[in-house]
Amino acid sequence: MLQWIRELDDLLRGNKTKPDLLAAGTRHLPLGAFVGLGLVLGVLYGLCMGLFAVLSRSAPCIQQLAATAVKVPALFFLTLVVTYPSLYVFGALLGVRLGPGDMLRLIVAALLVNLAVLASFGPITAFFTLSTTSYYFMKLLNVAFFAISGCIGLAFLLKVLERLEEAQAVESGATPPADPPAAAPGQPPGLRIPWPGPAKASKARDVFRVWVILYALVGAQMGWILRPFILDPKLEFVLFRGRQANIFLDVLESLGKLLGGR
Amino acid sequence: MMGAFLRAMDEFLRGRGRFAVEAPLAGRLRWLFAFVLAGGIFYGAVMGSFSGLAPGRFHQLVYSGVKVPILLLVTFGLCLPSFFVINSVAGLRDDFGQVLQAIVGTQACVTLVLAALAPVTALLYGSCADYAVAVFVNGVMFATAAATAQIVVRRYYAPLVSRNARHRTMLHVWLGLYVFVGIQMAWVLRPFIGDPDRPVVFFRADAWGNAYVVVAQLIRHTLNAVFPF
């Protein structure tokens, strides 16, 4: 466990994503330890989040606490499972140099950063849970914490990718990305040498940028499918709710209800 | 002991000696926490004197005295984990020792300014017996202390920001987070002053609630009053 914490610390500090390490690939990112750590951190935040169901009702709903502790890590890893294949396929089609293992390690690392930030908000969530009876406030607070930690995790991913490109560009002796060389006058177009080194590398960033949007949307919808996480004190515990509306409408509705004094 | 405390306080306020920006960090933090405790307890006790000097209400002084450092330190403790992780992710971990000194120093400065303003609070208490005025006076004192503490923030953050501009963003993150949690903490810890017409209690039975929900309700009531349709 201590070793895991050291790994997490190294990742957060950026020691694992130094350009000289990335030049040799991503094999130094321990996938097993990252997944284990992600699960632990997810469960920790889930416990803070599920506390509302225990404290907000006369009969504490322990099942919801347990369910949320499982659902938070599940939310992240299921989102990963849903979006990883498209990342890999589009990346491969567009000529991204990263292999499937590299891509997986990178996004699991970003996911771990996301979960670490989220778990670090745990004490604040628990404190507000202790002093709040408004279900809508807790919902919006959690949405905000998930959004903030998600943005930080994804920004980390794009940053690492940038470093990876630079490291690999240096490794392959390529010059920094520039406009593709225009064909010399009189030269037949077929003779243009479209050397893909750095130009292809920047594709990785584009693919990941699009994927980040997909990931955020799928993550939000996954959260909606897995609800309830917090459990409205007026409702009974169920493991999953039926299909209705979507998370974006619900957040707006919650905001209205909070302003409505509920 | 008292002499050492006052000497350290003087050095801290002036940013000299042990508390100079470039001085080594070791040994500073315990002094800073000592300032938070001493200044906080002192101002809290004066704050509670509005109603706490009446016979049988002396424990209001103790309650208020304990609550001010609790407000600052528990808020600090709740916000620290996320601030630490966000700093690490931003690649600023190596500076975290200095960052910690800066943010604890800010709180120390807030409490020392409050302690210095305590006689003014006491004077205003003595000249007006209205509870609402007492609440307002304390609001002004806290706002003044928070604004003055920006001197310490700038002093300790300036070299960090010049080294890496991301520290400026991190400072805004810290202030946002701290104020967000601090407002709710202050709401939960009420009463600080103690309404003379109500019995002395550590926690008000009806205080357990959420400040932001109350603000949302106030906004709604105001809107309803302005646009009654």
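Chain B, read along the sequence, follows the pattern α-α-α-α-α-α-α-α, with eight helices and zero strands; helices (H or I, at least four residues) and strands (E, at least two) are DSSP runs, numbered from the N terminus. The radius of gyration of chain B is 19 Å, close to the 17 Å that the globule rule gives for 229 residues, so chain B is as compact as a globular protein of that length. That radius is taken over C-alpha atoms, and the rule is 2.2 Å times the number of residues to the power 0.38.

The model is predicted: local features need pLDDT of at least 70, side-chain atom pairs count only at pLDDT 80 or more, and totals for chains, interfaces and linings use all residues. Residues are numbered from 1 along each chain as its sequence is written, chains are lettered from A and ligands numbered from 1 in the order in which they are written, and side-chain values use heavy atoms, with hydrogens and water left out.

**Chain B**

- The C-alpha trace of chain B spans about 55 × 50 × 25 Å along its principal axes.
- Of the 229 residues in chain B, 48% are buried (under 20% relative accessible area, with exposed over 50% and partly exposed in between; 1.4 Å probe, protein chains only).
- Among chain B contacts (heavy atoms within 4.5 Å) between residues at least 6 apart in sequence, 72% join residues at least 24 apart.
- Chain B has an accessible surface of about 10900 Å², 71% of which belongs to carbon and sulfur atoms; areas come from the Shrake-Rupley method with a 1.4 Å probe, and for residues only the protein chains shown count as cover.
- There are 18 positive and 9 negative side chains in chain B, and the centres of the two sets lie 5 Å apart.
- Lys and Arg count as positive and Asp and Glu as negative, without His and the chain ends; each charge is placed at NZ of Lys, CZ of Arg, CG of Asp or CD of Glu.

**Chain A**

- Chain A holds nine helices and zero strands, in the pattern α-α-α-α-α-α-α-α-α.
- Buried residues form 49% of its 262 residues.
- In chain A, 76% of the contacts with a separation of 6 or more are between residues 24 or more positions apart.
- The accessible surface of chain A is about 12600 Å², with 69% belonging to carbon and sulfur atoms.

**Largest nonpolar core**

- Among the 130 residues of the largest nonpolar core, A:Phe208, B:Phe12 and B:Phe35 touch the most other members.
- Helix H7 (residues 135-171) of chain A gives the most to this core, with 16 residues.
- Such a core is a set of buried Ala, Val, Leu, Ile, Met, Phe, Trp, Tyr and Cys residues joined through side-chain atoms within 4.5 Å.
- Not counting residues up to four places away in sequence, A:Phe208 touches residues including A:Leu87, A:Met103, A:Ile107 and A:Leu161.
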